[in-house]
Amino acid sequence: MKNYFDLSGRVAVVTGASTGLGLQMAKAFASQGANLVLLARRMNLLEENAKALKEEFGVDALPFACDITDTERVKAAVAATMEHFGRVDILVNNAGTGSMAPAEQISDEQFKRELEIDLFGSFVCAREFGKEMIKAGYGRIINIASIYGLVGNLFLGSAPYHSAKGGVVNMTRALAAEWGKYGITVNSICPGYFYTELSTATLETEEFKALAQRSIPMGRYGNAGELDTAALFLASPASTYVTGQNIAVDGGYTCI
């Protein structure tokens with residue numbers, strides 16, 4: 001049977017790959033034969049993850065400490081990728097943060113920082129790795145946005161996060177429109193509620209569990225691995241004619 005998700009010989013760059021969803025997606029790509037470039041700020045975790053991926057899946061994995069808001073460091077990550085692998089096929093813009101407070105209490109610094117990491121950082125990575133994809137005439141860019149980039153919410157004040165992720169959603173469309181002629185597809189995944197370092201404390205409150213029961217048609221949070229198939233689809237040859245799309249993986253949250 002043909003494996004439509006086969007990524008053998010491809011090189012996938014994943015930002016925010018030290019923990020959480022980024023590491024899960026890196027494992028999914030490795031399971032399909034992709035070599036990896038793991039980007040995040042905590043080098044000790046990246047080195048541990050690279051070693052584990054090599055041992056479990058037999059792929060090559062390059063750890064590289066990178067703050068995605070530092071343009072020169074992103075350029076250095078591109079150079080290291082090209083020196084080590086000679087190519088880049090897939091980029092997952094996963095690194096992000098989340099400012100939560102009532103809008104009237106959000107400081108200028110909080111709002112700017114959110115945009116800097118979630119929107120500007122994603123653009124810088126897309127631009128710099130995209131240059132190599134343009135040269136190659138091939139690329140798959142997957143931006144990790146959020147359901148909060150598509151809708152508002154009644155539970156948590158998080159206007160900076162909504163704004164930044166909404167920007168990622170429309171940046172996805174803009175890059176898809178510009179780069180389709182180069183053989184590059186650009187799509188986003190909009191996750192619903194998944195456990196991460198940033199979200200666990202909130203998701204574990206009784207108030208938020210009750211919210212999930214009322215507002216998520218499937219009545220639960222996303223489980224580990226349930227984002228992987230969407231990422232694999234968008235990274236693989238199975239999605240050659242899919243670009244500029246924002247796919248919600250949210251248990252139905254945004255359909256009501």
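Predicted model: local features only at pLDDT ≥ 70, side-chain atom pairs only at ≥ 80, totals over all residues.
Local features need pLDDT of at least 70 and side-chain atom pairs count only at pLDDT 80 or more, while totals for chains, interfaces and linings use all residues. Residues are numbered from 1 along each chain as its sequence is written, and side-chain values use heavy atoms, with hydrogens and water left out.

The largest nonpolar core has 32 residues. Such a core is a set of buried Ala, Val, Leu, Ile, Met, Phe, Trp, Tyr and Cys residues joined through side-chain atoms within 4.5 Å; buried means under 20% relative accessible area, exposed over 50%, and partly exposed in between (1.4 Å probe, protein chains only). Phe 29, Leu 36, Leu 38, Val 92, Ile 142 and Ile 189 have the most contacts inside this core. Among the elements that give two or more residues to it are strand E1 (11-15), helix H1 (20-31) and strand E2 (35-40); helices (H or I, at least four residues) and strands (E, at least two) are DSSP runs, numbered from the N terminus. H1 gives the most, with six residues. Another core, of 28 residues, lies apart from it and includes Val 13, Phe 64, Met 133 and Met 171.

Met 171 is also one of the buried residues of helix H5, as are Tyr 161, Val 168 and Leu 175. Their cover includes helix H4 (108-136) and strand E6 (184-191).

Ala 52 lies in helix H2 (residues 43-57). Because its relative accessibility is 39%, Ala 52 counts as partly exposed. Its C-alpha atom is separated by 25 Å from that of Ile 141, 89 residues apart along the chain.

Terms used: Contact = heavy atoms within 4.5 Å.
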